[in-house]
Amino acid sequence: MSAEQTDENIDQLPAVAKNIYLPCKKCDENRYHRVLAHKSKNSAKLECEICSGKKTFTLKKARKKATGAKKKTATKRVKKNSFAALLTDIGTEGTVPYSMKSKFDEKAAIDHSKFGLGFVTESTALKVQVVFEDATRELVHNRGN
Ligand SMILES: [Zn+2]
């Protein structure tokens with residue numbers, strides 16, 4: 001084994017058009033690979049100098065990170081406040097037409113002329129967060145005076 005640089009000890013992507021010394025599957029030997037493009041922060045597209053074989057180079061660090069802990073919190077939160085869940089929770093019986101002059105409390109069901117049925121998940125002095133079937137929107141309310 002030579003002391004040449006291999007992917008084992010690289011922690012930064014080589015610049016585009018630079019050469020990087022890596023094993024080539026086709027040649028079955030270590031070859032200089034030209035960096036064609038960066039695919040992402042952590043991976044680059046390479047071309048073998050000898051056989052023109054293409055390969056993707058990914059930083060080891062990034063690979064480790066990718067298999068790490070998954071963030072579940074965000075998904076859970078969305079589910080809890082999803083339109084379907086709120087529809088079950090709150091129902092449509094007390095639905096009131098939306099108007100920026102009216103005041104809406106948390107868990108109010110509103111009927112918006114443009115967005116349709118929505119549920120208030122957060123109510124502050126002048127704004128409400130409303131979950132509609134297609135998206136969550138921030139609307140103004142309590143502007144009666
Ligand atoms: Zn090759």
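The structure is a predicted model, in which local features need pLDDT of at least 70 and side-chain atom pairs count only at pLDDT 80 or more, whereas totals for chains, interfaces and linings use all residues. Residues are numbered from 1 along each chain as its sequence is written.

Lys-54 lies in strand β4; helices (H or I, at least four residues) and strands (E, at least two) are DSSP runs, numbered from the N terminus. With neighbours within four places in sequence left aside, Lys-54 is in contact with Lys-45, Leu-46 and Glu-47, where contact denotes C-beta atoms, placed from the backbone, that lie within 7 Å. Between Lys-54 and Val-35, which are 19 residues apart in sequence, the C-alpha to C-alpha distance is 9.8 Å.

The secondary structure of the chain comprises 3 helices and 9 strands, and from the N terminus on the elements follow the order β-β-β-β-α-α-α-β-β-β-β-β. Of the 145 residues in the chain, 14% are buried. Among contacts between residues at least 6 apart in sequence, 23% join residues at least 24 apart.

Confidence is expressed as pLDDT, the predictor's confidence in each residue, from 0 to 100. The chain has a mean pLDDT of 85, and 79% of its residues reach 70 or more. The lowest confidence in the chain is that of helix α2 (residues 73-80), with a mean of 53, and the highest is that of β6, at 97. Over residues 1-5 pLDDT stays under 50, and for these residues the model has 4 contacts beyond four places in sequence. Where pLDDT is low, the predicted coordinates should not be read in detail.

Strand β1 is joined to strand β2 (residues 29-38) by 6 bridges, and the two run antiparallel; Pro-23 stands opposite Asn-30 in β2. Strand β3 (residues 43-48) pairs with β4 in the antiparallel sense over 5 bridges, and Ser-43 has Thr-58 in β4 as its bridge partner. The hairpin of β3 and β4 has 5 residues between the strands, and within this hairpin Ser-52 takes a positive phi near 65 degrees.

A further open sheet contains 5 strands in the order β5-β6-β7-β8-β9, with mixed pairing. Strands β5 (96-97) and β9 stand at its edges with a single partner strand each, so one side of each is left without a neighbour in the sheet. Strands β7 and β8 run antiparallel and are joined by 5 bridges, forming a hairpin with 3 residues between them. Within this pair, Glu-122 stands opposite Gln-129 in β8, and the bridge partner of Val-120 is Val-130 in β8. Strand β8 also pairs in the antiparallel sense with strand β9 (residues 136-140), over 5 bridges. Val-130 stands opposite Arg-137 in β9, and a hairpin of 3 residues joins β8 to β9. Helix α3 (residues 83-90) lies across β6, β7 and β8, and runs at about 105 degrees to β8.

The largest nonpolar core has 11 residues, including Leu-86, Tyr-98, Phe-104, Ile-110, Phe-119 and Val-130; a nonpolar core is a set of buried Ala, Val, Leu, Ile, Met, Phe, Trp, Tyr and Cys residues joined through C-beta atoms within 7 Å. Two or more residues of this core are given by each of β6 (109-112), β7 (116-123) and β8 (127-132), and the largest share, 3 residues, comes from β8. Leaving aside its neighbours within four places in sequence, Phe-104 is in contact with Ile-110, Val-120, Ser-123, Val-128 and His-141.

Key: Pairing = 2+ DSSP bridges. Contact = placed C-beta atoms within 7 Å. Buried ≥ 20, exposed ≤ 12 C-beta atoms within 10 Å, placed from the backbone. Axes fitted to C-alpha atoms, helices over the stretch in contact; angles between N-to-C directions.
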